[in-house]
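Please walk through this model with the structure open beside the text.

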Amino acid sequence: MTQLSENNEQLACVNLKVVKDGEVLPSVVLKDGTQVQTGTVATMLHNVALYNQGQRGKVEEELRLAVPTLIKVGLFELFTVDEWIEGENPGRRFVGKCAKNYLHK
């Protein structure tokens, strides 16, 4: 089992923070057969905002958890990891550094 598929159940719980109570976000299967959790990008954006407001700990864990899915869905093809790290946005920089670390493993 890959780290990506192992993360889906955890991401499903984390991603509930951006939907109305009682709503559930599904996992979907991509054309290559990889299963990913929907809502991950929206939750990442929400967590970046929380990070920028000074929250750490759990928010950092949730951002790290999202990285494999963010990579798989092509987020870092839209903006490279280095582009995420550059600039003045600390939450975006944190996500970029997490992605860089993940990709170097």
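In what follows, Ala, Val, Leu, Ile, Met, Phe, Trp, Tyr, Cys and Pro count as nonpolar, Asp, Glu, Lys and Arg as charged, and the others, Gly among them, as polar. The model is predicted.

Begin with the empty space. Rolling a probe the size of a water molecule over the atoms shows where empty space is left. In this model, a search of the whole structure turns up one cavity of 30 Å³ or more, and the volume of the largest cavity is about 30 Å³. Which residues line the largest cavity? They are L11, V14, N15, T40, T43, M44, N47, E62 and A66. By class, this lining holds four nonpolar, four polar and one charged residues. Three helices, α1 (3-14), α2 and α3 (58-72), each supply at least two residues of the lining. The most comes from α2, which gives four residues.

Two packed helices are described by the angle between their axes and the distance between the axes. For helix α2 (residues 40-52) and helix α6 (residues 90-103), the axes come within 7 Å and cross at roughly 120°. The two helices are therefore oblique to each other. The crossing in which α2 passes α6 is right-handed.

Now turn to α3, another helix that supplies residues to the cavity lining. How do the axes of α3 and α6 lie, and at what angle do they cross? They come within 9 Å and cross at roughly 60°. That makes α3 oblique to α6. The crossing of this pair is right-handed. From α3, the contact is made by E60, L63, R64, V67, P68, L70 and I71, and from α6 by F94, V95, C98, A99, Y102 and L103. Its residues divide into 11 nonpolar, no polar and two charged.

Finally, look at α6 with both partners in view.

Notes. Residues are numbered from 1 along each chain as its sequence is written. This is a predicted model: local features need pLDDT of at least 70, side-chain atom pairs count only at pLDDT 80 or more; totals for chains, interfaces and linings use all residues. Side-chain values use heavy atoms; hydrogens and water are left out. Axes are lines fitted to C-alpha atoms, for helices over the stretch in contact, and angles run from 0 to 180 degrees between N-to-C directions. Angles under 35 degrees count as roughly parallel, over 145 as roughly antiparallel, 65 to 115 as roughly perpendicular and the rest as oblique. A crossing is left-handed if the near helix is turned anticlockwise from the far one by less than a right angle, and right-handed if clockwise. On a 1 Å grid over the protein atoms alone, a cavity is a set of points where a 1.4 Å probe fits but cannot get out, and a pocket is an open set with protein on both sides within 12 Å along at least five of seven lines; lining residues have an atom within 4 Å of a point. Grid points are joined across faces, edges and corners, and a volume is the space filled by probe spheres set on the points. Contact means heavy atoms within 4.5 Å.
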